[in-house]
Amino acid sequence: MLGIVMRRPVRRALASLAALSAVLAGVAAHAAAAQVWYFADSPTYPGIRLLEVGEDGARVTSDWYGTMPAQNLRRNAQGFEFDLGNLNDNARPTRHWVAAVQGDQLTLTGDIWTSHVVQAARPATAQEQKRYRFTPTSLPPLADLAPDGQAATPPMGWSSWNRFAEGIDDKTVREIADAMVSSGLRDVGYVYVNIDDGWQGERGADGVLRPNAKFPDMKGLADYVHARGLKLGIYSSPGPKTCAGFTGSYGHVAQDARTFAGWGVDYLKYDLCSGEWFYRSQDEVRRSYQEMGAALKASGRGIVYSLCEYGRVDVAAWGRKAGGHLWRTTGDITDDFASMTAIGLDRNPRFPAGGPGGWNDPDMLEVGNGGMSAVEYRAHMALWAMSAAPLLMGHDVRSMSSETNEILKNKDVIAIDQDRLGAPGHRLRSEGHAEVWSRALADGGRAVALFNRGEQPVRLLLTQAETGQQTTALDVWTQRQVSTGDAFVLPAHGSVLLRLAAARSATAG
C-alpha cells in the first residue's frame, strides 16, 4: 500500500512537470516567433513594417529607408529600447526608440526627422516577413559618362510642384500645355511641361511602375504635349520613396528609364529624397545618379537629366560625369524675397560656374505665385537670367495676370539667360544692401544688373570699369536706352537690368 500511495503523488508530480514543460516550451516557441513583429497600420512616414530582434541585435524595416540597424539595444522591464540613425538633423544624429511588450502585442515609440511615431505591432507571419523584408541593391562602379550635346542653353519650361504639389493630374497638365501655347510662352522658349512628384502608382508583378489613377494614360499625355510643340518631363527618386511618399526607382532604375522612354518622356528630375539614407558620401551619391544617367542613355531616347540632391557633396564637380544636364545647388525655394535672394545672391554663386550642357540650378521660378510683388518678381527673373539658370515656371499658367505674362515673356531677359556663351554672371560690388553684377555675353557685350536687398530705396552710380566705358545701355524692363553715367534709383527689393553692347575697337571705322 505504501508503494502505491507514494507512486500516485509522483505520477501527479511528473504529470505536472510535463505540463509545465509543455507550457514553457510553448512560451519559448512563442517568444522566438515574437522576435519579428509586423506593423499592419503604418503611418506614411517612415512607414515602419517590421521590427526584428535576435542574438545579433535589432533592425527596423521601413518603406522609406529599408533596413535600419538599431544601435545600443538593451532590455528593460517593459521590453527593450534602442537608438536609430536620424536624418537631416545634425544636432541629433540618432534618436531614441522604446518598444513596450505586453503579451503578443508591441508598441513602438520614437522620433525620426520631424515625425513622432507610435505604432502597434503583432508577431509577423512567415508571409509578412517574406513580403516586407528589404532587399538591398548595389551601385555600379564609378565611371564618367560621355556628354550627349543636350541642354546647350539652360532648359526652359514649367514644373508642377510649386503650385500643385502632389495634387497634379492629367487634366491639369493638358490644360497647362494648352495655356503655354495660347499665352505665347512656348514661342519664347518655354517648352518643357514637367510633372513633379505625385504621378506614381504601384509596381506590377513584372516590376513595371504604373501611374496612379490621376494619370490614366501617360503615353497619351506625352503625345498630347508633343502635338503642341512641347516636351514632357517626369519625376522620380533613387530611393524607395519620393519626397511626397510615392514609389521611387530603388532597385528598378534601368526598368524605370525604359518605361519613361517608352512613354515619350523628354526630361527627368531625379530627387534624392529617401535615397539620402542609402547614399551619403560623394562616391555613393554620384554613383546613384550615374546609375540613372547611364540607364537614360541606354534607353535610346534623348532625355534631359536634372540632378536634385540639393547641392550636396560637390555636385557641380561631377554632375556632367554622372550624365546630368543640370543640378540643384540648394534646397527648395519658397515664394518670398528672403528665400529667393538667399538662394540667388548667396548660395548659388558659391558653386563653380556651369555652362553649355551642364547648368547650376537654383530651383524653379516662383513668378506669379503671389508671394512677392511685381518689383520682387522682376528681381527674381533678372537674377536667374544673370545666373544662367534654368527657367522653369511654377505658377498656374491658366490664370496668370498680364503682368506675370509680361515678366516671363520679356525677350531681352530670356536672351540674357539663354546666351549661347553660357557664362554665368558674378558679383562686382556690394555696397550696403545693394549689389552690382556683370555677365559676359556671346556678342562681346555684357549684361549688368543692380539689386537692392534692403527695405529702403538706394541710389547707385556705375563705374566705367563696370560699364566697360559704354555710355548707353538698354534698360531691359523699360525697353529704353539709358545713360550709364546717370544714377540709378532702386526701390526696396528692386532691380535694374541693363544690356550693354560690345565695345568698338579703336580701329573700327
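Predicted model: local features only at pLDDT ≥ 70, side-chain atom pairs only at ≥ 80, totals over all residues.
How many nonpolar, polar and charged residues does the lining of the second largest pocket have?

**Exercise 1. Describe the second largest pocket by volume, lining and residue class.**

Step 1. Take the volume: the second largest pocket holds about 410 Å³ of space.

Step 2. Find the residues at the middle. The lining has 23 residues, and Cys 243, Asp 271, Cys 273, Tyr 310 and Asp 332 are the closest to the centre of this pocket.

Step 3. Assign the lining to elements. Helix H3 (161–164) and S15 each supply at least two residues.

Step 4. Sort by class. The lining of the second largest pocket has 11 nonpolar, four polar and eight charged residues.

**Exercise 2. Locate the cavities of 30 Å³ or more and state what lines each one.**

Step 1. Count them. Searching the whole structure gives two cavities of 30 Å³ or more.

Step 2. Start with the largest cavity, which has about 110 Å³ of space. Its lining has 16 residues, and Ser 159, Asp 196, Tyr 267, Lys 269 and Leu 392 lie nearest the centre.

Step 3. Assign the lining of the largest cavity to elements. Strand S14 (231–236), strand S15 (267–271) and strand S17 (326–328) give two or more residues each. S14 gives the most, three residues.

Step 4. Sort the lining of the largest cavity by class: seven residues are nonpolar, four are polar and five are charged.

Step 5. Turn to the second largest cavity, with about 50 Å³ of space. Its lining includes Phe 337, Met 340, Leu 383, Phe 451 and Arg 453. Helix H10 (337–347), helix H11 (374–386) and strand S22 (446–452) each give two or more residues to this lining. H10 gives the most, with four residues.

Step 6. Sort the lining of the second largest cavity by class: six nonpolar, four polar and one charged.

**Exercise 3. Give the strand order of the six-stranded sheet, and state which helices pack on the sheet or lie across its strands.**

Step 1. Write the order. The open sheet runs S20-S21-S22-S27-S24-S25, with antiparallel pairing.

Step 2. Strand S20 (426–431) and S25 are the edge strands, since each pairs on one side only. From one strand to the next, the twist averages 30°.

Step 3. S20 and strand S21 (residues 434–440) pair antiparallel over five bridges. Within this pair, Arg 427 has Trp 437 in S21 as its bridge partner.

Step 4. Link back to Exercise 3. H10, H11 and S22 are also the elements that give two or more residues to the lining of the second largest cavity.

**Exercise 4. Describe the hairpin of S24 and S25.**

Step 1. Strand S24 (residues 472–475) and strand S25 (residues 480–483) run antiparallel and are joined by four bridges.

Step 2. Look at the turn. Four residues lie between the strands, and Gln 479 takes a positive phi near 60°.

**Exercise 5. Is Thr 467 buried or exposed?**

Step 1. Locate the residue: Thr 467 is in helix H14 (residues 464–467).

Step 2. Compare the area with the cut-off. The relative accessible area of Thr 467 is 4%, and buried means under 20%. Thr 467 is therefore buried.

Step 3. List the contacts. Leaving out residues up to four places away in sequence, Thr 467 touches Leu 462, Thr 484 and Leu 500.

Terms used. Residues numbered from 1 in each chain as written. Heavy atoms only, no water. 1 Å grid on protein atoms, 1.4 Å probe; cavity = no way out; pocket = protein on both sides within 12 Å on 5 of 7 lines; lining within 4 Å. Points joined across faces, edges and corners; volume = space filled by probe spheres on them. Nonpolar A, V, L, I, M, F, W, Y, C, P; charged D, E, K, R; others polar. Buried < 20%, exposed > 50% of the residue type's maximum accessible area, 1.4 Å probe, protein only. Contact = heavy atoms within 4.5 Å. Pairing = 2+ DSSP bridges. Axes fitted to C-alpha atoms, helices over the stretch in contact; angles between N-to-C directions.
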